[in-house]
Amino acid sequence: MSVSYKKLWKLLIDKDMTRTDLRRAIGASSSTFAKLSRGEFISGDLMARICTALDCNVGDMMDIVKDEDPTEESQTK
């Protein structure tokens, strides 16, 4: 299972904000934003701070993506 923050990046574009603007607004480190860029999970506290800064809900900024199970794929062939 992984996470996609495509919605977050679109939301920033819609709000005419840069990633740096958001990082400063929520007081996050650059390493935390590196995690977001790589699609890694972040803390619930950080998600809440992003939601507060952007006036949105968690579902407005991210999706959980189910990874394909390689054993299922090989069984269907």
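Which residue with positive phi follows H1? Asp16 follows H1, and its phi is near 55 degrees.

## Basis of the model

This is a predicted model, in which local features need pLDDT of at least 70, side-chain atom pairs count only at pLDDT 80 or more, and totals for chains, interfaces and linings use all residues. Residues are numbered from 1 along each chain as its sequence is written, and side-chain values use heavy atoms, with hydrogens and water left out.

## Overall architecture

The protein has five helices and two strands. Their order from the N terminus is β-α-α-α-α-β-α. Helices (H or I, at least four residues) and strands (E, at least two) are DSSP runs, numbered from the N terminus.

The protein has 77 residues, and 29% of them count as buried. Buried means under 20% relative accessible area, exposed over 50%, and partly exposed in between (1.4 Å probe, protein chains only). The accessible surface is about 5300 Å². Carbon and sulfur atoms hold 50% of that surface. These areas come from the Shrake-Rupley method with a 1.4 Å probe; for residues, only the protein chains shown count as cover.

Among contacts (heavy atoms within 4.5 Å) with a separation of 6 or more, 61% join residues 24 or more positions apart.

## The nonpolar core

A nonpolar core is a set of buried Ala, Val, Leu, Ile, Met, Phe, Trp, Tyr and Cys residues joined through side-chain atoms within 4.5 Å. The largest one here has 20 residues. Tyr5, Leu8, Leu22, Leu36, Ile50 and Leu54 have the most contacts inside this core. At least two core residues come from each of helix H1 (6–14), helix H2 (19–26), helix H3 (30–37) and helix H4 (44–54). H4 gives the largest share, five residues.

Leaving aside residues up to four places away in sequence, Ile50 touches Leu8, Leu22, Ile26, Leu36, Ile42 and Met61.

Leu8, Trp9, Leu11 and Leu12 are the buried residues named for H1. They sit on the same side of H1 because they cover an arc of only 160 degrees around the axis. The arc is that of the directions from the helix axis to the C-beta atoms. An α-helix has 3.6 residues a turn, so residues three or four places apart point the same way.

The buried residues of H1 pack against H2, H3 and H4. The face turned away from the buried side carries exposed residues: Lys6, Lys10, Ile13 and Asp14.

## Two loop residues with positive phi

Asp16 lies in the loop between H1 and H2. Its phi, near 55 degrees, is a positive value in a residue other than glycine. Asp16 is exposed, at a relative accessible area of 71%.

Asp55 lies in the loop between H4 and strand S2 (63–65). Phi of Asp55 is also positive, near 55 degrees, again in a residue other than glycine. Asp55 is exposed, with a relative accessible area of 71%.

## The N terminus

Met1 belongs to the segment before strand S1 (2–4). Buried or exposed, how does Met1 count? Met1 counts as exposed because its relative accessibility is 66%.

Met1 still has contacts along the chain. Not counting residues up to four places away in sequence, Met1 touches Phe41, Ile64, Val65 and Asp67. Glu68 is 67 residues from Met1 along the chain, with 8.5 Å between their C-alpha atoms.
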